[in-house]
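Colleague: Could you take me through this model, please? I have not worked with it before.

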Amino acid sequence: MAKDKSKKNKDVDTKPKGATPVEDDEFGGPGERSNFKLADHEGALLLITPKSLEEDIETAFGESDAIKADIVVLTDTNGKKLKEPIEELGALIFQRVVIGQLTESIGKRRVLGTIDRGVAKKGQSAPFLIEVPSEDDKAIARAYLASVDPFKA
C-alpha cells in the first residue's frame with residue numbers, strides 16, 4: 001500500500017532553517033527573511049554595514065529603492081547598552097534620508113549612530129536619520145567589535 005504523501009509529519013518543522021551552518025557542515029540553509037524595521041529602533045544605537053543599494057524593489061506602496069545592510073542593535077531605545085546585541089543580516093532600509101546617509105559607505109566602512117527623527121515637511125512625517133555618534137557610542141561599538149573579532153585588540 002502506498003503512503004499518503006498529502007499528510008505532513010507534525011514532528012517536522014516545515015519552515016526554512018537559518019543560514020547558520022552545522023558545525024561539521026560547510027553549507028547553510030536558506031536565510032530567513034529579515035523583519036527589521038527602523039521605526040522599532042528609534043533612539044537605539046546601531047552599527048550598520050551597508051552592503052548594496054537595491055533599486056526598484058516591489059513594495060505594497062509601489063517600487064522603491066533600499067539599502068541592504070547588516071545591522072547590529074547595540075542599545076535599547078533609551079540608549080542603555082544591550083547585554084546581547086541584536087544582529088540583523090540582510091536588512092532592507094527604505095527611508096530616503098537614511099539611504100542618503102549610508103550610500104557613500106557601501107562596501108567601504110561601517111556606519112555608527114543613533115536613530116532619530118528629523119524635522120517634518122508640511123503634511124509629511126518626520127524622516128528617520130542617523131545621528132553622529134558620541135565617544136561613548138564609539139566605545140560601545142568598539143567593545144562589541146572586539147568581542148566578535150578575537151584578533152582585534
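**Strands, a helix and a histidine**

Colleague: To begin, which residue in E3 is the bridge partner of Val73?
Modeller: Val73 has Ile86 as its bridge partner in E3. The model is predicted, with local features needing pLDDT of at least 70 and side-chain atom pairs pLDDT 80 or more, while totals for chains, interfaces and linings use all residues. Residues are numbered from 1 along each chain as its sequence is written, and side-chain values use heavy atoms, leaving out hydrogens and water.

Colleague: And which residue does Thr75 have as its bridge partner in E3?
Modeller: That partner is Lys81.

Colleague: How many bridges join strands E2 and E3?
Modeller: Seven bridges join strand E2 (residues 62–75) to strand E3 (residues 81–93), and the pairing is antiparallel. Two strands count as paired if DSSP finds at least two bridges between them. Strands (E, at least two residues) and helices (H or I, at least four) are DSSP runs numbered from the N terminus.

Colleague: What lies between the two strands of that hairpin?
Modeller: Five residues separate E2 from E3 in the hairpin, where Gly79 takes a positive phi near 85°.

Colleague: In what order do the strands of the sheet run?
Modeller: The order is E3-E2-E1-E4-E5, making an open sheet of five strands with antiparallel pairing.

Colleague: Which strands does H1 touch?
Modeller: H1 packs on the sheet and touches E1, E2, E3, strand E4 (111–117) and E5, and its direction makes about 35° with that of E5. Contact means heavy atoms within 4.5 Å. Axes are lines fitted to C-alpha atoms, for helices over the stretch in contact, and angles between N-to-C directions run from 0 to 180 degrees.

Colleague: A change of topic: where does His41 lie?
Modeller: His41 is found in the segment before E1.

Colleague: Is His41 buried or exposed?
Modeller: His41 counts as buried because its relative accessibility is 15%. Buried means under 20% relative accessible area, exposed over 50%, and partly exposed in between, using a 1.4 Å probe and protein chains only.

Colleague: Which residues is His41 in contact with, leaving aside its neighbours within four places in sequence?
Modeller: His41 is then in contact with Phe36, Leu46, Val73, Thr77 and Ile115. Val73 is the residue whose bridge partner in E3 is Ile86.
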